[in-house]
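Open the model in your viewer and keep the selection tool ready. This tour goes stop by stop: select, look, move on.

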Amino acid sequence: MKRIKLNILLNSDFSEKKVLIKGWVRTKRNSKTFSFLEINDGSTLKNIQVIADDKLENYSDIKKITISSGISIIGKIVKSLGKGQKFEIIASNIEIISLALETYPLQKKRHSDEFLRTIAHLRPRTNKYGAVFRIRSELYFAIHKFYRDRGFKYLSSPIITSSDCEGAGEMFKITTFDPYFTAQKNGLDIKNDFFGQETNLTVSGQLCAEMFAMALGDVYTFGPTFRAENSNTTRHVAEFWMLEPEMAFCDLNQNMDHGEELIKYLTNYVTEHCNEDLALFTKFVDKNLSKTIEIIINSTYERITYSEAIEIINKSGKKFKHIIQWGKDLQSEHEKFLADDYFKKPVFITNYPREIKPFYMRLNSDNKTVAAMDLLVPRIGEIIGGSQREERLNVLEKQMSKNKLSREKYWWYLDSRRFGSVPHSGFGMGFERFLMLITGINNIRDVIPFPRTPGSIDF
RNA sequence: UCCCCAGUAGCUCAGUUGGCAGAGCAAUUGGCUGUUAACCAAUGGGUCCGCGGUUCAAGUCCGUGCUGGGGAGCCA
């Protein structure tokens, strides 16, 4: 007999049919001569109720079954006599595959997110985290579908790299040297290390993506990204996933069009394909989530320049902890004010001062600003950071020497400006931040399977 | 890295002016013919985060360290 998964079973009509299901016991309620077992197999948020009565030969064992035990059930689908579910299974055979210990830490009650983080290996077994990670999985597919439908090519940019994408943050060093041994023994030369030069985990695939955009036109990279910043916030982790499209013959406005289309597409995809799981978040996690999602899908995202943003902030009359003036970067409180209070929807901020942005962003004709764009969204803040890239060799070289970057090291990057350089643009979207946006979850550690943060590397 | 807050049973938390360590849930055992975080009864369960100090006496006061949370910076 072929096993059927609950997502199929619960979404079709199997009444009066005999089925085989396998899963884990979420909860059990005993009466004298029969028991209710609720089974979940991970394919869907929903459980199925199974009735086991004392006619089963191993009923005495079933009565003692513990939460999270793995079991296999053959039974008939019938209309439920009780309230709360349409169908249930009358079991004709139950096999206890594995009896869980009674010390299983997850109980039939709500646990705090902090506690669940300490048992990150078990938390996907809860309703909430199961839902998060099913949505996460669907989103991977949605991203590839979005890009494939638009003729983009997927590029896996390297994770080990010798280039630091200027301004992206501290990097994790990679070495085969034993660092303790190295510290003791002088005279060890980096030339003898695996790559023969300083090597790091990538902080961005952008520079590689630019090379491929000059060959394949429209490309995207999507993979793990590493930042060794000592950040302790609800929005930062040391290992996260970043989506980075890079488009040839594309200016800043088209770049923003693309970003807006992407966010809307992904959000819409989740509402269409993850309905049940999403409902958990609108019901229990964030009461305003439906409204937020509606705004993300249906509003036209505001587009203002950095200079206009400064003006809005300073004219607002609102008191801020940090004083903002032209040339300084926007602080979190300013970003929150713009997205949450002032516009109450996603807003692109463009044309930042060149001094506070990396070397590769295209210098505007005012000579003071660069063609940068950040997308700020309510509650989360920055979710996209991107720019039109500097395609003019001489301007790029000047910017590099200003930032004290060696032309020799970036020879390959500069080559792209020597051989058929064209305007191009791209951005990075924080995958986990997007998940936070559409689930209403407030801590980035709760939308990634095993979060890596300073001092925390368990699991 | 800086600022603020917290750490008591497996979980969530109470603990008064410094004076015998508590509750609900969970677990275990038993009961119950339709339950829905089932219900009813009984039982077991503690390094009060660690270290040091003040005191006749510290979960409670002081110092310090660790861990967790929130905020800031950095960014996606």
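## Stop 1: the cavity

Search the whole structure and one cavity of 30 Å³ or more turns up. Keep in mind that this is a predicted model. How much space lies in the largest cavity? About 80 Å³. To find the spot, select Thr161, Ser163, Thr202, Ser204 and Cys208. These lie nearest the centre of the largest cavity, among the 11 residues that line it.

Stay on cysteine 208 for a moment. Cysteine 208 has a relative accessible area of 23%, so it is partly exposed. Now select cysteine 250. Its relative accessibility is 5%, which means that cysteine 250 counts as buried.

## Stop 2: helix α6

Next, select residues 206–216, which form helix α6. Which residues of α6 are buried? They are Gln206, Leu207, Ala209, Glu210, Met211 and Ala213.

Two of the partners are β10 (218–226) and β11 (239–248). The others are α13 (411–418) and β16 (424–430). Glycine 217 follows α6, and its phi is positive, near 90°.

## Stop 3: a buried glutamate

Select helix α11, residues 332–342, and pick out glutamate 335 within it. Glutamate 335 is buried, yet it has no salt bridge. Where is the nearest side chain of opposite charge? It belongs to arginine 235, 6.8 Å away.

What does glutamate 335 touch, leaving aside its neighbours within four places in sequence? Show Leu330, Leu376, Gly381 and Glu382: glutamate 335 is in contact with each of them.

## Stop 4: salt bridges

The structure holds 27 salt bridges.

Start with aspartate 277 and arginine 134. They form a salt bridge, with the closest N and O atoms 3.0 Å apart. The pair links distant parts of the chain, 143 residues apart. Aspartate 277 sits in helix α8 (residues 275–285), and arginine 134 in helix α4 (residues 127–149). Are these two residues buried or exposed? Both aspartate 277 and arginine 134 are buried.

Go back to α11 for the next pair. There, the side chain of aspartate 341 meets that of lysine 318 in a salt bridge, 3.4 Å from N to O. Lysine 318 lies in the loop between α10 (306–315) and α11, while aspartate 341 lies in α11 itself, so the bridge ties together parts that are 23 residues apart in sequence. Aspartate 341 is partly exposed, with a relative accessible area of 37%. Lysine 318 also counts as partly exposed, at 42% relative accessibility.

Arginine 418 lies in helix α13 and glutamate 397 in helix α12 (residues 393–402), so parts 21 residues apart in sequence are tied together. Arginine 418 counts as partly exposed at 40% relative accessibility, whereas glutamate 397, at 17%, counts as buried.

## Last stop: a network

Finish by selecting Asp257, Glu260, Lys264 and Arg303 together. What joins these four residues? Salt bridges that share partners make them one network.

Methods: Residues numbered from 1 in each chain as written. Chains lettered and ligands numbered in written order. Predicted model: local features only at pLDDT ≥ 70, side-chain atom pairs only at ≥ 80, totals over all residues. Heavy atoms only, no water. Buried < 20%, exposed > 50% of the residue type's maximum accessible area, 1.4 Å probe, protein only. Helix = DSSP H or I, 4+ residues; strand = E, 2+ residues; numbered from the N terminus. Lys, Arg positive; Asp, Glu negative; His and termini not counted. Contact = heavy atoms within 4.5 Å. 1 Å grid on protein atoms, 1.4 Å probe; cavity = no way out; pocket = protein on both sides within 12 Å on 5 of 7 lines; lining within 4 Å. Points joined across faces, edges and corners; volume = space filled by probe spheres on them.
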